[in-house]
Amino acid sequence: MTAQRRGISKNPESSAIEKKIKRGNAQRQASSWRGHVITLLLLTGVTGLVSWVYFTWTDDLTHTLASRSEILTQPRVFTVECSEDYKKYKLFPGCTPTKCGRAISDSVVTLEEAQKLRRLAERGLSLAGSDGGASILDLHSGALSMGMQFVNIYRDVRSRIQKAIAETFGLDSKQMYLTKPTFFSRINSTSAKTTHDEYWHPHIDKETYGSFDYTSLLYLSDYGLEFGGGRFVFMDPSSNRTVEPRAGRVSFFSSGSENLHHVEKVTWGTRYAITVSFTCDPDFAIDNPSLP
C-alpha cells in the first residue's frame with residue numbers, strides 16, 4: 001500500500017503497470033473461455049474429472065489467501081518468482097530478494113497490541129486528515145507526540161515483523177533497515193476529493209519508492225465487521241488473490257513487480273492499518289520514532 005494516494009499518471013512506471021494489468025486481463029479471459037468450454041462439456045453429460053477442473057478454473061478468478069474468519073497461528077506463505085526489478089538496483093547480499101513472495105500471519109502481533117495501536121491511530125488522525133476518505137499519519141512526524149506508550153509498542157512490533165520477514169525469506173535481519181514512509185492509514189467510504197485520495201489504483205512499491213525491498217501491513221480493524229470492501233489484492237497474471245484484514249493480522253511481501261497490488265474501495269465503515277517498510281540499502285535507513 002502506498003502513502004502517495006494519487007491516480008496513475010502517464011509515465012514509464014504507469015505504462016509498465018498498465019501492461020501487466022492488460023496481460024493479466026488477457027490471461028483471465030483465456031481462463032474464463034476454457035471454463036465456458038467445460039461448461040458445455042458438462043451440459044453434454046461429461047462428468048468426473050472434467051467437473052472438478054470446471055470448478056477449479058471458474059472460481060471467479062479471485063482467490064482468498066486468508067479470510068477474516070481464520071486465525072493463522074503459523075504464517076501462510078506463498079512463493080512467487082522474483083521479478084527483474086532488483087537487477088536495476090545495487091545488490092546487498094543477505095537482503096536483496098532472491099526468494100520472493102507474500103505471507104500472512106496472525107501470531108506476530110497480539111490483538112491487545114493491535115487495539116492499543118488502533119487507539120493511538122484514532123487519536124493522532126483525529127487532529128488532521130483528508131476530506132476525501134483516505135488519511136495517513138507518518139510515524140516519524142505526527143506520531144512523535146503520542147508519547148512513550150506508542151514508542152514502546154511500535155519498537156517491539158516493528159522488531160517482530162522484521163524477524164518474521166527475515167525468517168520467511170531467508171534473510172539476515174541485521175541487513176534490513178527501516179525505511180520511509182512508515183505510516184498509519186485510515187480509509188472510509190467518503191468520495192475522493194482530489195487524486196491524492198485515490199488509494200485504490202494498482203501500484204508496485206519498489207517502483208514507487210525505490211528504497212522499498214519488503215513491505216508489511218499490520219491491520220487494526222476487521223473486514224466485514226468494521227468495514228466493507230478494503231481487501232488487499234495481489235494482481236497476479238491468472239487471477240487476483242486477496243487478503244481480508246483482521247485486527248492483529250500482518251501481511252508482508254517482497255516489494256517488486258512480482259507483487260503488483262491495490263486496495264479495494266472501502267464501501268462502508270472505517271479501515272485502519274499501519275504500513276512498515278524495509279530497505280536493504282543503509283543509505284535509505286531511518287531510525288525508530290523517539291521522544292524529543
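Trainee: In which sense do strand 7 and strand 12 pair, and over how many bridges?

Mentor: This is a predicted model. In it, strand 7 (residues 227-229) pairs with strand 12 in the antiparallel sense, over 3 bridges. As a case to look at, Phe-227 stands opposite Gly-269 in strand 12.

Trainee: Which strand is joined to strand 12 by 9 bridges?

Mentor: That is strand 5 (residues 177-188), and the two run antiparallel. Here Ser-185 has Ala-273 of strand 12 as its bridge partner. Strand 6 (residues 214-219) also runs antiparallel to strand 12, with 6 bridges joining them. Leu-217 is partnered there by Thr-275.

Trainee: Is strand 12 mostly covered or mostly open?

Mentor: Mostly covered: of the 14 residues in strand 12 (residues 266-279), 10 are buried.

Trainee: How many bridges join strand 8 to strand 9?

Mentor: There are 4, between residues 232-235 of strand 8 and residues 240-243 of strand 9, running antiparallel. Met-235 stands opposite Asn-240 in strand 9.

Trainee: Why does Tyr-154 count as buried?

Mentor: Buried means under 20% relative accessible area. Tyr-154 counts as buried because its relative accessibility is 2%. Tyr-154 lies in helix 4 (residues 148-169).

Methods. Residues are numbered from 1 along each chain as its sequence is written. This is a predicted model: local features need pLDDT of at least 70, side-chain atom pairs count only at pLDDT 80 or more; totals for chains, interfaces and linings use all residues. Side-chain values use heavy atoms; hydrogens and water are left out. Buried means under 20% relative accessible area, exposed over 50%, partly exposed in between (1.4 Å probe, protein chains only). Two strands pair if DSSP finds at least two bridges between them.
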